[in-house]
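Reader: I would like to learn how to read packing and pockets from a set of coordinates. Please take me through one case.

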Amino acid sequence: MADLTTTTDRADGTPAERADSRTWRAHGRTRRSTRTVRIRTSAVIVAAVALAVLLVPPLVNLDEQAVDLALKLQPPSLAHPFGTDDVGRDLLLRCVYGLRVSLLVGLVAALVATVIGTAVGAAAAAFGGWTDRVVMRLVDTFSSVPHLLLGIFIVAMFRPGVWPVIVSVALTHWLSTARIVRSEVLSLRSRPYVDAAISGGASRWRLAVRHLLPGVLPQAALAAVLMVPHAMWHESALSFLGLGLPSHQASLGNLIQSARSSLLAGDWWPTLFPGLFLIIPTLAIAGLAGAWRERINPRRRSELML
């Protein structure tokens with residue numbers, strides 16, 4: 001009787017199993033539609049950000065450092081869509097310049113960290129033995145220290161500027177990439193073509209460069225893209241603490257830090273718009289990176305579609 005109950009037609013005459021399959025297909029189409037909207041929205045935001053940081057500074061013939069005390073803390077208007085800051089500077093232009101600096105720091109730091117992590121992880125897995133054990137223990141040791149604390153220690157040894165922040169972010173963010181690359185190389189070492197190369201007399205260096213490294217490049221590139229938002233937030237945190245870029249230079253962290261007194265006085269726009277310029281682009285980049293991760297990992301993508 002129980003089996004007959006599970007296969008009995010529903011009130012509308014539709015068999016239960018067929019109705020369930022239709023429900024799952026409809027759910028899968030909804031998930032795919034949501035994923036498509038998310039990817040397209042992220043792509044549009046990233047394209048807009050790229051155009052803004054590349055075209056606005058050379059096309060707009062305005063000095064983002066120009067001070068006009070008569071326009072101090074003006075609310076958003078047609079003349080100044082984002083308002084002005086506490087010394088009368090246009091906040092929209094300052095946000096674009098700040099995003100340009102933060103994005104530059106994030107991209108360069110992510111690239112340097114990925115190169116370091118890929119080299120360390122591939123070398124540890126390819127050589128194996130005591131080399132692998134020593135390298136991974138060093139990675140574990142550095143990972144035990146919080147990124148921000150280690151970054152503050154590194155950047156405090158230099159004068160405030162862009163390159164000390166890039167070095168600080170790069171030297172504190174290569175550890176996860178090294179772990180990812182190492183695990184991927186260990187997986188590739190069990191492949192038949194690697195065994196054939198070893199049997200043919202290939203050296204460990206040739207094995208790593210010609211056979212293992214090309215197989216981990218997609219994962220390393222994905223790690224670099226995922227690292228860009230993290231590096232941007234790290235730079236903003238250092239600048240907010242006064243340890244990153246000079247206070248006169250526009251960066252999103254500096255803009256938020258200088259707007260604290262205005263926020264306490266009830267002027268919300270000097271804090272809101274730099275915060276949105278930091279949150280929205282980083283979420284868009286992370287969204288595109290997540291779509292890329294689903295594409296190169298079909299198993300994960302199929303699990304998300306359920």
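Reader: Which residues have the most contacts inside the largest nonpolar core?

Author: A caveat on the source comes before the answer. This is a predicted model, where local features need pLDDT of at least 70, side-chain atom pairs count only at pLDDT 80 or more, and totals for chains, interfaces and linings use all residues. Residues are numbered from 1 along each chain as its sequence is written, and side-chain values use heavy atoms, with hydrogens and water left out.

Author: Now the general idea. In soluble globular proteins, nonpolar side chains tend to be buried together. A nonpolar core is a set of buried Ala, Val, Leu, Ile, Met, Phe, Trp, Tyr and Cys residues joined through side-chain atoms within 4.5 Å. Buried means under 20% relative accessible area, exposed over 50%, partly exposed in between (1.4 Å probe, protein chains only). Here the largest core has 28 residues, and Cys-95, Leu-99, Leu-103 and Phe-277 have the most contacts inside it.

Reader: Which elements give two or more residues to this core?

Author: Elements are DSSP runs, numbered from the N terminus: helices (H or I, at least four residues) and strands (E, at least two). The contributors are H2, H3, helix H4 (129-143), helix H7 (175-188), H9, helix H10 (252-258) and H12. H3 gives the most, with eight residues.

Reader: What is Leu-103 in contact with, leaving aside its neighbours within four places in sequence?

Author: Contact means heavy atoms within 4.5 Å. On that basis Leu-103 meets Val-49, Val-53, Val-228, Met-232 and Ile-285. Another core lies apart from the largest one. That core has 13 residues, among them Ala-122, Leu-207, Leu-212 and Ala-220.

Reader: How many helices and strands does the chain have?

Author: There are 13 helices and zero strands. Buried residues make up 38% of the 306 residues. Among contacts between residues at least 6 apart in sequence, 71% join residues at least 24 apart.

Reader: How do I read a pocket, and what volume does the largest pocket have?

Author: Rolling a probe the size of a water molecule over the atoms shows where empty space is left. A pocket is found on a 1 Å grid over the protein atoms alone: it is an open set of points where a 1.4 Å probe fits, with protein on both sides within 12 Å along at least five of seven lines, and lining residues have an atom within 4 Å of a point. Volume is the space filled by probe spheres set on the points. The largest pocket has about 290 Å³.

Reader: Which residues lie nearest the centre of the largest pocket?

Author: Val-49, Ala-50, Val-53, Leu-103 and Leu-107, out of 15 lining residues. Helix H2 (16-59), helix H3 (91-127), helix H9 (204-240) and helix H12 (269-296) each supply at least two residues of the lining. H2 gives the most, with six. By class, the lining has 14 nonpolar, no polar and one charged residues.

Reader: What is the volume of the second largest pocket?

Author: About 180 Å³. Its lining includes Val-49, Leu-99 and Phe-277. H2, H3 and H12 give two or more residues to this lining. By class, it has 10 nonpolar, no polar and no charged residues.

Reader: Why is helix H6 largely enclosed by the rest of the structure?

Author: Eight of the 11 residues of H6 (residues 162-172) are buried, so the helix is largely enclosed. Among them are Val-165, Ile-166 and Ser-168. Ser-168 has a relative accessible area of 0%. Beyond its neighbours within four places in sequence, Ser-168 is in contact with Gly-151, Ile-154, Val-155 and Leu-238.

Definitions and conventions:
Nonpolar A, V, L, I, M, F, W, Y, C, P; charged D, E, K, R; others polar.
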